[in-house]
Amino acid sequence: MPGLESEPGLPSAVVRNLPPELGPDAVAVVEGRTFMISDATGDIPEGTIGGLVHDDTRFLNRWVLRIGGETLLLLSSGTVEDYSAAFFLTNPGFDGIQANSIGVRRQRFIGDGMHERIKLECFANRPITFDLRLSAGADFADLFEIKDSIPDRSETIVRSHGSHGTHLDFSYRNGVFRASTRVEAEPPASRTEGDDLVWHVRLEPGQQWQCELTVPLQFGALQVTPKHRHFGEVFGGVRDDAVSVWSNECAELRFDSELLRGVLDKTKADLAALRIEKAAGGVPIILPAAGLPWFLTIFGRDSLISAYQTIVAGPSLARGTLLALAAAQGTQFDDFRDEEPGKILHEVRSGELTQLKQKPHNPYYGTADATQLWLILLSEYWRWTGDDALVLGFRDNIDAAVRWIDEYGDLDGDGYIEYATRSAQGLGNQCWRDSWDGIKFADGSIPVLPIATCEIQGYTYDARMRLAELADGPLRDPELARRQRAQAGELYDRFNRDFWIEARGGYYAIGLDGDKRCIDSMTSNMGHLLWSGIVPPERARIVADHLMSPAMFSGWGVRTTSTEDEGYNPIGYHAGTVWPHDNSLIAHGLARYGFRQEANRIIVAMLDAAKYSNYRLPEAFSGYDRPYGRLPVPYPTACSPQAWSAGAPMLFVRTLLGLEIRDAQLVADPLLPVEFGRVAMDGVPAMGTLWNVEAAGDKASVRIVS
């Protein structure tokens, strides 16, 4: 991520730059690790954030269609599915041809490459002749550069365009890094001018004409190439690829509520679009990428939480995430990558800057919570599947993870997991609030490193308790179980002594800084403590009241930071925004401690917010009070879709239904708001069988599918 230097001992000033605008109606299509963003007409003007990006490299930075040299006029456009879009356009007046004489439809989808069909239809009452021009360009920018500044590679990009209008070729090489873009045209263009394909078109009244453009993409040995599709299959056909297979394996959700139905349909589509298909040990797996546009890759924390949120619908994403992250578990000390033995990675990249070792992301390990979250997800997967064999196959990974927690995660031996980057390119904050100012005191000042945040200690406590359960079960290791429970108990007592602040009626500090001072801002991270179970029952009501207070609850969800803190900013990335994934864990934590009405209040507010963004919850939205604008104010650079926001409604439904595994049985303890009516889940996979669940109000029936 682009960053600014900070004072020694402080988190690095990583910033999120507002990208050049493609307009408020920009259209993005995504498939796996490939995405394309254009303006509403389908164009990608040079110098914008737009482009075709695959595997962290931009293969098209210009894609502009003109008729008679004129920009086309927009009628309507948008996505058809997450991987496809359609644009309906017409012409302005030019060269004696009246406006609206030519209907233009652009259809686009991502599969084994980028495919676009351009179809023209003549509505004039006489024959017309004109040039159709497509201008293309490739700058091969690294994803990190697109977000920051892009060096000029023009002198090193080689062009070898086809002489008969069949294709445009761009290629680039820098040391071990190579990339190339080919634009294939059918029918061939009438001529090639520079980097433009030009068709000379004559149309009789009512006549139609079309061409198809393809940009093939290369996939690595461990990547699964998306199933090749034709336009007839994408626009009007039925998919039978891995996405559909995964979707068909998920539990079927049925709702009386149109709102619930719309949000969960969007959740399922977004998770399918964001999935990564890989091969692990020769076995195909799928796991969630973090989000569009910046994070179409494997993330430790994001992928793990997304998999946890969605396990109620099926275990495939959880299994794939566990396997993929275990395969890349840290094995050595590498300061540049913040790697340590047993540590679960933060992020993987494959662009030019990473391949040339200018960025540490191959992979980068700068996270202090992914290792614990990996153990938590493994436990949750086992609870829902009873898959002893998978757990036993991870024994070496488990031991390495525990050793990291015991020996390397605790930097100063005080019993807490802290973080402090050792890399010049590393993240200063290595918790979920990983912006440079994501952790700060109530007065807005920045704490010194190393920092031990509260929720990381909660995750560590939960991981130890769950590991003890696995040790009693498939691992059959009583000594490991005894040791983990003892260490969890010691952490519980120590944490509740050191992180509790008596001011403001009592609350948990967001962390301890390098001088062991309580970082006294009041934050949503307290809700993660409820999720992990580290809060004593007598303090749970105090925490719940803070979370639902006007200072924390905006009316759309719980803010990341209290409005009473000087550092509060409703449009600050982690300083007062509302995050759906954050709220899904908070609601689940509230329900764990019996605060079901409070959990439902969050869930209803979040689902209401989704109505204003086509039933999709974005990465975050602004923290303004609900009466301020009567609709959620967007956060300016939020990822959409983003996996752990897409997964949040799945966890909301689980929380509403009170679904858990007890004694190898699926049980439900629902408390549904009356406006949601009846909720049903058919074919919930749990403990090797399928279950049907139906609930309304506080009543439910759960039965094995016969």
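In the protein chain, 64% of the contacts with a separation of 6 or more join residues 24 or more positions apart. The model described here is predicted.

**Overall form**

The secondary structure of the protein chain consists of 19 helices and 32 strands. A compact globule of 706 residues would have a radius of gyration near 27 Å, and the 26 Å found for the protein chain agrees with this. The principal axes of the C-alpha trace give spans of about 85 × 55 × 50 Å.

**Surface and charge**

The following table collects values for the protein chain.

| Property of the protein chain | Value |
|---|---|
| Share of the 706 residues that count as buried | 61% |
| Accessible surface | about 25,800 Å² |
| Share of the accessible surface belonging to carbon and sulfur atoms | 49% |
| Distance between the mean positions of positive and negative charges | 3 Å |

The charges comprise 68 positive and 95 negative ones.

**Helix 19**

Helix 19 covers residues 648-657. Because 10 of its 10 residues are buried, helix 19 is largely enclosed by the rest of the structure. A residue counts as buried when its relative accessible area is under 20%. The buried residues of helix 19 include A648, P649, M650, L651 and F652; V653, R654, T655, L656 and L657 are buried as well. After helix 19 comes G658, which has a positive phi, near 60°.

Definitions and conventions:
Residues are numbered from 1 along each chain as its sequence is written. This is a predicted model: local features need pLDDT of at least 70, side-chain atom pairs count only at pLDDT 80 or more; totals for chains, interfaces and linings use all residues. Side-chain values use heavy atoms; hydrogens and water are left out. Helices (H or I, at least four residues) and strands (E, at least two) are DSSP runs, numbered from the N terminus. The radius of gyration is taken over C-alpha atoms; the globule rule is 2.2 Å times the number of residues to the power 0.38. Buried means under 20% relative accessible area, exposed over 50%, partly exposed in between (1.4 Å probe, protein chains only). Contact means heavy atoms within 4.5 Å. Accessible areas come from the Shrake-Rupley method with a 1.4 Å probe; for residues, only the protein chains shown count as cover. Lys and Arg count as positive and Asp and Glu as negative; His and the chain ends are not counted. The place of a charge is taken as NZ of Lys, CZ of Arg, CG of Asp or CD of Glu.
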